[in-house]
Amino acid sequence: MAQGKNINLFLMDGEASGRIKCTLANWTGIAYKIPRTMLDKAREIDYLEQTGVYFLFGATEVRGDPAVYVGQAGIRKNGRGILCRLDEHRRDSEMDYWTEAVAFTTSNNSFGPTEISYLENRFCNIAKAAKRYFVKNGNDPSPGNITEEKESELEEFIAYAKLVMGALGYKVFEPLIERKSEIEVVGKTDEQPLLFFKSQKAEASGKRTSEGFVVMAGSTISLTTTRTCPENVLKFREKYAEKVDGQGNLTENLLFPSPSTAAGFVGGSSLSGNVMWKDEFGKTLKEIEATE
């Protein structure tokens, strides 16, 4: 069983929409969440003068999908580190998409060029693999050359940083569904059963999560919709159009707010998710929930 963690969130401006400092018990790392509009107030934070890595969060210009840029910051000749890079991004007209920054450094200023290069590379690739956000980095950052001992140390830092990032409200590192073993793929994941949808035009698999209902990659949806297809389902069809190939196969896991919306998306009609989604034994979601 996973151990509990003690995360400390300090609301520096006395409100959740302001600057937030985040620390974790028995961890030398320090994280700051800073709205773009409050960068000037962040100049009083000494830790942001140090070396570290940072994330710029916002939305894509056309579709409005969540977007992130991952960067590193070394200490400049002017003695400024992370905050200097954030200021540069704020002045860059091509980087006007972001609204909040999250920066990671350490209480003992222990990061050098090798460490931040490795962290930037790993964070960027973890974010890409999770497929939650559009990662705006053009090229993969260089991981640099580190020893096995240093890699182990930095991987521990990454594990804590992932927890902190989630606590700050960003699931940039968390895939919609964790696949830890073949047993979970064909059976249950996180104690939630794998569910199936079958009709003449569609065949899909999915599962309930704490965020809603996920239809899994490889599912095949109906390429046509009925006149009674709900408007919200049509909007999801438009939103996820680029994630469905010409044969109706999903290329990624897709999240929906409810089993019925997911069923409607798959079947192209107004459908009850409690009836259409069934486990491997043919028991409906409604029957499953009745026994929980």
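The model is a prediction, in which local features require pLDDT of at least 70 and side-chain atom pairs count only at pLDDT 80 or more, whereas totals for chains, interfaces and linings use all residues. Residues are numbered from 1 along each chain as its sequence is written, and side-chain values use heavy atoms, with hydrogens and water left out.

Aromatic pairs were assigned to rings of Phe, Tyr and Trp (its six-membered ring) with centres within 6.5 Å; planes under 30 degrees apart count as stacked, over 60 as edge-to-face and the rest as tilted. By this rule the count is 21 aromatic pairs. One of these joins phenylalanine 104 to phenylalanine 157 in an edge-to-face arrangement, at 6.5 Å centre to centre and with 80° between the planes. The two residues are 53 residues apart and connect distant parts of the chain, phenylalanine 104 belonging to strand β6 and phenylalanine 157 to helix α3 (residues 148-167); helices (H or I, at least four residues) and strands (E, at least two) are DSSP runs, numbered from the N terminus. Phenylalanine 104 is likewise buried, its relative accessible area being 0%. Both rings belong to one aromatic cluster, whose members include Trp27, Phe55, Phe104, Tyr133 and Phe157.

On a 1 Å grid over the protein atoms alone, a pocket is an open set of points with protein on both sides within 12 Å along at least five of seven lines, and lining residues have an atom within 4 Å of a point. Of the 23 lining residues, Asp65, Lys131, Arg132, Tyr133 and Lys243 are the closest to the centre of the largest pocket. Elements α2, β7 and β13 each give two or more residues to this lining. Its composition is 9 nonpolar, 2 polar and 12 charged residues, with Ala, Val, Leu, Ile, Met, Phe, Trp, Tyr, Cys and Pro taken as nonpolar, Asp, Glu, Lys and Arg as charged, and the others, Gly among them, as polar.

Lysine 131 also has a positive phi of about 60° although it is not a glycine. Most residues other than glycine have a negative phi. Lysine 131 is located in the loop between α2 and β7 (134-135) and is partly exposed, with a relative accessible area of 49%. Asparagine 109, another non-glycine residue, has a positive phi of about 50°. Asparagine 109 occupies the loop between β6 (98-106) and α2 (113-130) and is partly exposed at 32% relative accessibility.

An open sheet of 4 strands has the order β10-β11-β12-β13 with antiparallel pairing, two strands being paired if DSSP finds at least two bridges between them. Its edge strands, β10 (195-198) and β13 (254-256), each pair on one side only. Strands β11 (residues 203-209) and β12 (residues 212-215) pair in the antiparallel sense over 4 bridges, and threonine 209 has glycine 212 in β12 as its bridge partner. Alanine 241 lies in the loop between α5 (231-239) and β13 and is partly exposed at 44% relative accessibility.

Notes:
Buried means under 20% relative accessible area, exposed over 50%, partly exposed in between (1.4 Å probe, protein chains only). On a 1 Å grid over the protein atoms alone, a cavity is a set of points where a 1.4 Å probe fits but cannot get out, and a pocket is an open set with protein on both sides within 12 Å along at least five of seven lines; lining residues have an atom within 4 Å of a point.
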